[in-house]
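Subject: Structure for you to look at, with notes

Dear colleague,

Here is the structure I promised to hand over, and my notes on what I found in it follow directly below. Please keep it open beside you while you read.

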Amino acid sequence: MASSLLKVAVTGLSRCAWHTLPPVRALSLTCPVNQGVPQSLWKLGRLNHVAIAVPDLEKATALYRDVLGAQVSDTVPLPEHGVYTVFVELGNTKLELLHPLGEKSPIAGFLQKNKAGGMHHICIEVDDINAAIVDLKEKKIRLLSPEPRIGAHGKPVMFLHPKDCDGVLVEIEQA
């Protein structure tokens, strides 16, 4: 009896209301997720690096090179940014080891608050940094400098205020 009631219910449903039910899958792979959202003039790219502030650059470099077996770059001073950098190659991205260069280094201030060091920022590539900056300003995202500066890779970079990025200092870099 129960099975015949179920058959009647399903048959009745298929005849009269089946076409009005929402599909089981609400998200279709054939339609773009951002349908109806205006396309941006710029796009985020890949994660370029995660930067780590370190109190002892030689010790940190040795850890990644000698203990973990990673390929590491030479130490490069960037006086305009107040840092020494060493890049650690990871295959799909890089780590950037940061150490203070000079008394006004932003990394010196970070290390005063975080004696053991730690994650400082993430860097994401963008396909058009100038369009990204204009768009981010319009969206009320605070930038940490008035104009892009040349970063460690010789490309324009801009830092976004961590209070506007869920507590994370974000660097965008021209791809």
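Strands β4 and β5 form a hairpin with four residues between them, and in that turn G91 has a positive phi of about 95°. Please bear in mind throughout that this is a predicted model, and that the values below are computed from it.

The hairpin and its surroundings

Seven bridges join β4 (residues 83-89) to β5, and the two strands run antiparallel; within this pairing, L97 in β5 is the bridge partner of V86. Strand β5 (residues 94-100) is also joined to β1 (residues 44-53), this time by five bridges and with the two running parallel, and here V50 stands opposite L95. Six of the seven residues of β5 are buried, so the strand can be described as mostly covered.

V76 lies in strand β3 (residues 76-78), and its C-alpha atom is separated by 6.5 Å from that of V86, which is 10 residues away along the chain. If its neighbours within four places in sequence are left aside, V76 is in contact with V83, Y84 and T85.

The largest nonpolar core

The largest nonpolar core has 15 residues, and those with the most contacts inside it are W42, I129, L136, M158, L160, V170 and I172. Two or more residues each come from β6 (118-126), α4 (129-138), β8 (156-160) and β9 (170-174), and the largest share, five residues, comes from α4. L136, once its neighbours within four places in sequence are set aside, is in contact with W42, I141, L160 and I172. As general background, nonpolar side chains in soluble globular proteins tend to be buried together.

Strand β9 deserves a separate look, since five of its five residues are buried. V170, I172 and Q174 point one way from this strand, whereas E171 and E173 point the other way, and all of them are buried. Five bridges join β9 to β6, with the two strands running parallel, and V126 has Q174 as its bridge partner in β9. Four bridges join β8 to β9, which run antiparallel, and in this pairing M158 stands opposite I172.

Salt bridges

The structure holds four salt bridges, and I describe some of them here. R46 and E125 meet through their side chains at 3.4 Å, N to O, and this pair links distant parts of the chain, with R46 in strand β1 and E125 in strand β6, 79 residues apart. R46 is partly exposed at 41% relative accessible area, while E125 is buried at 12%.

A salt bridge also forms between the side chains of K139 and D135, at 3.0 Å, N to O; K139 is exposed, with a relative accessible area of 53%, whereas D135 is buried, with 15%. The side chains of R142 and D164 likewise meet in a salt bridge, at 3.0 Å, N to O. R142 lies in the loop between α4 and β7 and D164 in the loop between β8 and β9, so this pair ties together parts that are 22 residues apart in sequence. R142 is partly exposed at 41% relative accessible area, and D164 is partly exposed at 26%.

Points in the loops and on the surface

The loop between α4 and β7 (149-150) also holds K140, which has a positive phi of about 65° although it is not a glycine, and which counts as exposed at 68% relative accessibility. In the loop between β8 and β9 you will find D166, whose phi is near 55°, again a positive value in a residue other than glycine; D166 is exposed, with a relative accessible area of 80%.

Finally, L63, V67 and L68 form a nonpolar patch on the surface, with about 300 Å² of accessible area together. L63 lies in helix α2 (residues 57-67) and is partly exposed, with a relative accessible area of 38%.

With best regards

Conventions
Residues numbered from 1 in each chain as written. Predicted model: local features only at pLDDT ≥ 70, side-chain atom pairs only at ≥ 80, totals over all residues. Heavy atoms only, no water. Core = buried A, V, L, I, M, F, W, Y, C linked by side-chain atoms within 4.5 Å. Buried < 20%, exposed > 50% of the residue type's maximum accessible area, 1.4 Å probe, protein only. Contact = heavy atoms within 4.5 Å. Patch = residues over 30% accessible without salt bridge, like charges linked within 9 Å, V, L, I, M, F, W, Y side chains within 5 Å. Areas by Shrake-Rupley, 256 points an atom, 1.4 Å probe, with all protein chains shown as cover. Pairing = 2+ DSSP bridges.
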